[in-house]
Amino acid sequence: MQFIGGLDVFGFEQVAGANAGAIGPKAVCEVDGVVFWQGVNDFYYFDGAVRRIPRSDDIKRFVFDSLTLEQRAKCHAVPITQFGEIWFFYPTSTEITSYVKFN
């Protein structure tokens with residue numbers, strides 16, 4: 001979002017890929033000014049630019065092949081700052097049954 005003035009006041013420009021949006025409203029967390037989230041088909045962070053979490057290829061097929069898409073709004077991210085981790089919880093049935101963590 002950028003201030004442009006006039007009647008519209010703000011303009012929007014998509015800076016990340018179409019699938020980089022959060023998979024659910026609680027699938028995002030912030031740690032020390034860096035925002036982490038579970039996207040539609042990958043894991044991301046923003047530190048001034050949108051980037052894929054390092055080595056996400058190692059886990060993303062495991063997560064997204066078992067995730068129940070109809071329940072994706074239940075996905076959420078939790079920072080465990082004392083261990084430098086982000087935990088991503090996701091449903092593989094009607095409820096959350098699994099998680100992966102990023103360190």
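Reply: Let us begin with a definition: two strands count as paired if DSSP finds at least two bridges between them. In general, the strands of a sheet pair through backbone hydrogen bonds, either parallel or antiparallel. Please keep in mind that the model shown here is predicted.

Me: How many bridges join β3 to strand β4, and in which direction do they run?

Reply: Strand β4, residues 34-38, is joined to β3 by 4 bridges, and the two run antiparallel. Within this part of the model, Val-31 stands opposite Val-34 in β4.

Me: In what order do the strands of the open sheet lie?

Reply: The open sheet has 4 strands in the order β3-β4-β5-β6, with antiparallel pairing. Its edge strands are β3 (28-31) and β6 (50-52), each of which pairs on one side only, and the twist from one strand to the next averages 25°.

Me: What do β8 and β9 form?

Reply: They form a hairpin, with 4 residues between the two strands. Strand β8 (residues 85-91) and strand β9 (residues 96-102) run antiparallel and are joined by 6 bridges, and Trp-87 stands opposite Lys-101 in β9.

Me: Is Gln-38 buried or exposed?

Reply: Buried means under 20% relative accessible area. Gln-38, which is found in strand β4, has a relative accessible area of 0%, and therefore it is buried. Leaving aside neighbours within four places in sequence, Gln-38 is in contact with residues including Gly-21, Phe-43, Leu-67, Cys-75, Phe-88, Phe-89 and Tyr-90.

Technical notes: Residues numbered from 1 in each chain as written. Predicted model: local features only at pLDDT ≥ 70, side-chain atom pairs only at ≥ 80, totals over all residues. Heavy atoms only, no water. Axes fitted to C-alpha atoms, helices over the stretch in contact; angles between N-to-C directions. Buried < 20%, exposed > 50% of the residue type's maximum accessible area, 1.4 Å probe, protein only. Contact = heavy atoms within 4.5 Å.
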